[in-house]
Amino acid sequence: MRNVTTENDSMLVGARDSVARSGIATDFIQIDMTKRPPGLTQESLNSLQVEVFNNLGGNVPQECCICLEAFSDGDALFHLPCGHRFHNGCLIPWVRTCGDCPYCRASVLKHRK
């Protein structure tokens with residue numbers, strides 16, 4: 001067992017030990033991490049749809065699911081094929097490491113035939 005150095009580490013160790021005592025398999029965590037798609041190249045990033053937010057009402061989500069801040073008129077947003085929208089600055093770090101929508105896990109690239 002490693003030394004616990006912070007309060008957060010203590011909570012993580014306690015949660016891990018609790019799961020281990022319950023008999024729940026923990027291998028799924030490793031499996032999920034190996035199945036995620038690779039991050040996007042700059043070329044793929046440039047192919048994502050960008051739009052400028054304009055609050056005209058309607059059914060458009062009004063906040064970024066990453067930073068949880070409300071969209072403001074004039075904000076540049078990535079509009080993914082799944083329909084989710086994110087501030088450009090919020091989404092870029094995510095898609096550089098994982099090619100899925102951070103909200104629903106659908107592919108952020110349109111499937112080409």
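# Exercises on a predicted protein chain

A polar contact (a pair of N or O atoms within 3.5 Å; within protein, one able to donate a hydrogen and the other to accept it, and residues adjacent in sequence counting only if both atoms are side-chain atoms) joins the side chains of His79 and Glu51 at 3.1 Å. The model is predicted: local features need pLDDT of at least 70, side-chain atom pairs count only at pLDDT 80 or more, and totals for chains, interfaces and linings use all residues. Residues are numbered from 1 along each chain as its sequence is written, and side-chain values use heavy atoms, with hydrogens and water left out.

## Exercise 1: the chain as a whole

Task: state how many helices and strands the protein chain has, and in what order they run.

Solution. 
- Step 1. Helices (H or I, at least four residues) and strands (E, at least two) are DSSP runs, numbered from the N terminus.
- Step 2. The protein chain has four helices and three strands.
- Step 3. Starting at the N terminus, the order is α-α-α-β-β-β-α.
- Step 4. The chain has 113 residues, and 25% of them are buried. Buried means under 20% relative accessible area, exposed over 50%, and partly exposed in between (1.4 Å probe, protein chains only).
- Step 5. Contact means heavy atoms within 4.5 Å. Among contacts between residues at least 6 apart in sequence, 41% join residues at least 24 apart.

## Exercise 2: the surroundings of His79

Task: find where His79 lies and which residues it touches.

Solution. 
- Step 1. His79 belongs to strand E2.
- Step 2. With a relative accessible area of 16%, His79 is buried.
- Step 3. Not counting residues up to four places away in sequence, His79 touches Gln49, Glu51, His84 and Arg85.
- Step 4. One of these residues, Glu51, is also its partner in the side-chain polar contact of 3.1 Å.

## Exercise 3: the salt bridge

Task: count the salt bridges and say which residues form a salt bridge with each other.

Solution. 
- Step 1. A salt bridge is a side-chain nitrogen of Lys or Arg within 4 Å of a carboxyl oxygen of Asp or Glu.
- Step 2. By this rule there is one salt bridge.
- Step 3. Glu51 and Arg85 form a salt bridge, with their closest N and O atoms 2.4 Å apart.
- Step 4. Glu51 lies in strand E1 (residues 49-52) and Arg85 in strand E3 (residues 85-87), so the pair ties together parts that are 34 residues apart in sequence.
- Step 5. Both Glu51 and Arg85 are buried.

## Exercise 4: the nonpolar core

Task: name the residues that touch the most other members of the largest nonpolar core.

Solution. 
- Step 1. A nonpolar core is a set of buried Ala, Val, Leu, Ile, Met, Phe, Trp, Tyr and Cys residues joined through side-chain atoms within 4.5 Å.
- Step 2. The largest such core has 15 residues, of which Leu48, Leu80 and Val108 touch the most other members.
- Step 3. Strand E2 (76-79) and H4 are the elements that give two or more residues to this core. H4 gives the most, with three residues.
- Step 4. Leaving aside neighbours within four places in sequence, Leu80 is in contact with Leu48, Phe86, Leu91, Cys101 and Val108.

## Exercise 5: the cysteines

Solution. 
- Step 1. A disulfide is a pair of cysteine sulfur atoms within 2.5 Å.
- Step 2. For Cys65, the nearest cysteine sulfur is that of Cys64, 6.6 Å away.
- Step 3. Cys101 is buried, with a relative accessible area of 0%, whereas Cys65 is partly exposed at 35%.

## Exercise 6: helix H4

Solution. 
- Step 1. Arg96 and Thr41 are 55 residues apart in sequence, yet 7.1 Å apart in space, C-alpha to C-alpha.
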